[in-house]
Amino acid sequence: MDALINQLPTGLAIGAVLLLAALGLNFTFGQMGVINMAHGELIMIGAYTAYVLHAWIGLNPAYSLLIALPVAFTITGTLGWLLELSVIRHFYGRPLDTLLLTFGIGMILQQGARDTFGAPNVDVPAPAWLTGGITLTGGIRIHYSRLFILALAIACVIAIAYHLNRSRHGRQMRAVIHNRDLAAISGINTRKVDATTFFIGSGLAGIAGVALTLIGPTGPTLGTNYIVDAFLVVVVGGLGQLRGTVLAAFTLGILNATVEAWADASLAKLIVFAAIIAFLQARPQGLFTVKTRALT
Amino acid sequence: MNTPTPHLSVRGLSAGYGRARVLFDIDLTIEPGTIACVMGRNGVGKTTLLNTITGLITPTTGTITHNGTDITHLAPHHRTRRGIAYAPQGHDTFAPLTVAENLHVTHQATRRGGPELIDAALARFPRLQPLLHRKAALLSGGQAQQLAIARALVTNPSLLVLDEPTEGIQPNIVAEIEAAITDTAAQGITILLVEQYLDVALRLADTVTVIDAGRIIHTGPRTELTHESAHALMAI
Ligand SMILES: Nc1ncnc2c1ncn2[C@@H]1O[C@H](COP(=O)(O)OP(=O)(O)OP(=O)(O)O)[C@@H](O)[C@H]1O
Ligand SMILES: [Mg+2]
């Protein structure tokens, strides 16, 4: 129990990053059935964006983080959009080809990062207003940076919920996810919706990357550490399901952090994988699915 | 010179799924403002024909002309935007969206008129009015079919394509749907209807086309058919 309580803040922060990574994946996977293996590298590029703004452009650390968020969103969003337009679009309905192709693109992006920034990890200092933390009764210490990541993830979820339910593109997205043919004969340009979805989903990867600079060092393989977990969140949470993704991300984050507190990292992974396989045996459709009368 | 252009003209159309050929050399002409009814037994290719006309399937040969324009290779959303509305078989709706969202997303995407189109569609199907904020997934079959037709009507179509709108629906709702089809036709909208119930088809149709095994085996004005001769055609 102690382990759980002590690891709770870290677990929540990791869960929040997983959530940001998985939200984007859920869109591209849920809407287009595309397994974008380069999504992890978009996270990495988001993290390096924060680094470049601080170390190369020399922005004041006090506000460099806040500027990095929209800049990373735009950069990785544009990259994802270009990726969809130039490559992925031509491989819809061929999941294995897409998987290998985006895996290759991910490798190229990693090498590009290695050539540009060097193989060793770099650090992005947190702004002064995020150092320190609060100590709760019972001796649990919560870093402000962890709280910031949590708040960032919550803000993104609210923004996405608003987008999905209130905006024109959001409604079209939900229509395309549900039934692409019906969307097309309803006058929706599904190709255009796909491109916009890829932009938003990839942009969220950039935000996840910026958040990760607050948790640890940044390196070319940063994304690969999170991509598998992010996919697990998508599968467990259910496709196109915001609630499920949120719940799955935090559960996985906390599970990872607590199991790691009393087992070593690889054993922890094994235990978490086993738990997920057991869960998917019981509920292959994920936590939540769309209610239909046919199912009830 | 002065022969009016047909509203829809299909010439030498063949289509299928991958290697499986389903439709062979289909010719179909629909005059403006008429109700054309396509009939035939299960699996003969009626839905495939409608899917090809609305652009969901690309034909292997043949042409489709709408109001004099060749639309054979036009994307489905462009066909909807030029006035071809489609309510597919099985009262398909956007299940996770509310009734209101189903209508709005279609209305906004097609951009063929103002909000009065939504009011008109709801006036046409008043049963949908109290359900506006309910998810389409939770509608009954009859309600979903009404939403499916309303969703097609908010695109302000010149051609309304309906695939078995009365399939599996209780008699009093069938009567309402029939009335909606008659009213829509009375507004001058051309209708292409696939209908399995002989009674309904013969009440509504101006022309009747019968398909068997992917080929047209009969086409002509409704007046040429008696209940018995139609029944005989369907039993082939
Ligand atoms: N997606 C598909 N892939 C392969 N074959 C298909 C597909 N859809 C339909 N078919 C086949 O094409 C043929 C015609 O099907 P279609 O749905 O057009 O028939 P239909 O006349 O509409 O039948 P029903 O009265 O049952 O609705 C059938 O043999 C069917 O099995
Ligand atoms: Mg059919």
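The model is a predicted one.

Start at ligand 1. It is surrounded by 13 residues. The closest are B:Gly43, B:Lys46, B:Thr47, B:Thr48 and B:Gln89. By class, the shell around ligand 1 holds 7 polar, 3 nonpolar and 3 charged residues. Which helix gives the most to this shell? That is helix α1 of chain B, residues 46-54, with 3 residues.

Now look at individual contacts. The side chain of B:Lys46 brings an N or O atom to 2.7 Å from an oxygen atom of ligand 1. B:Gln89 also uses its side chain: a polar atom there lies 2.9 Å from a ligand oxygen. B:Val44 works through its backbone instead, with a polar atom 3.3 Å from an oxygen of ligand 1. How much of the ligand does the protein bury? Taken alone, ligand 1 exposes 630 Å², and the protein buries 58% of that.

Next comes the metal. Ligand 2 is a magnesium ion. Its protein donors are the OG1 atom of B:Thr47 and the OE1 atom of B:Gln89, at 1.9 to 2.1 Å. B:Thr47 belongs to helix α1, while B:Gln89 sits in the loop between β6 (84-87) and α3 (99-110). The pair therefore ties together parts of chain B that are 42 residues apart in sequence. Buried would mean under 20%.

In α1, 8 of the 9 residues are buried, so the helix is largely enclosed by the rest of the structure. Among the buried ones are B:Lys46 and B:Thr48, both listed with the residues closest to ligand 1. Others include B:Leu49, B:Leu50 and B:Ile53. After the helix comes B:Gly55, whose phi is positive, near 95°.

Turn now to the sheet. Strands of a sheet pair through backbone hydrogen bonds, either parallel or antiparallel. In chain B, 4 strands form an open sheet in the order β2-β1-β4-β5, with antiparallel pairing. Which strands lie at the edges? They are β2 and β5 (69-70), each pairing on one side only.

Strand β1 covers residues 8-17. With 8 of its 10 residues buried, it is largely enclosed by the rest of the structure, which is why it can be called an enclosed strand. One partner of β1 is β2, residues 20-30, joined to it over 7 bridges in the antiparallel sense. Within this pair, B:Val10 stands opposite B:Leu28. The hairpin of β1 and β2 has 2 residues between the strands. There, B:Gly18 takes a positive phi near 55°.

Another partner of β1 is β4, residues 61-66. These two strands also pair in the antiparallel sense, over 5 bridges. Here B:Leu8 stands opposite B:His66.

Key
Residues numbered from 1 in each chain as written. Chains lettered and ligands numbered in written order. Predicted model: local features only at pLDDT ≥ 70, side-chain atom pairs only at ≥ 80, totals over all residues. Heavy atoms only, no water. Near = heavy atom within 4 Å. Polar contact = N/O pair within 3.5 Å; in protein donor to acceptor, adjacent residues only side chain to side chain. Areas by Shrake-Rupley, 256 points an atom, 1.4 Å probe, with all protein chains shown as cover. Nonpolar A, V, L, I, M, F, W, Y, C, P; charged D, E, K, R; others polar. Donors = N, O, S within 2.8 Å, 3.2 Å for Na, K, Ca; no water. Buried < 20%, exposed > 50% of the residue type's maximum accessible area, 1.4 Å probe, protein only. Pairing = 2+ DSSP bridges.
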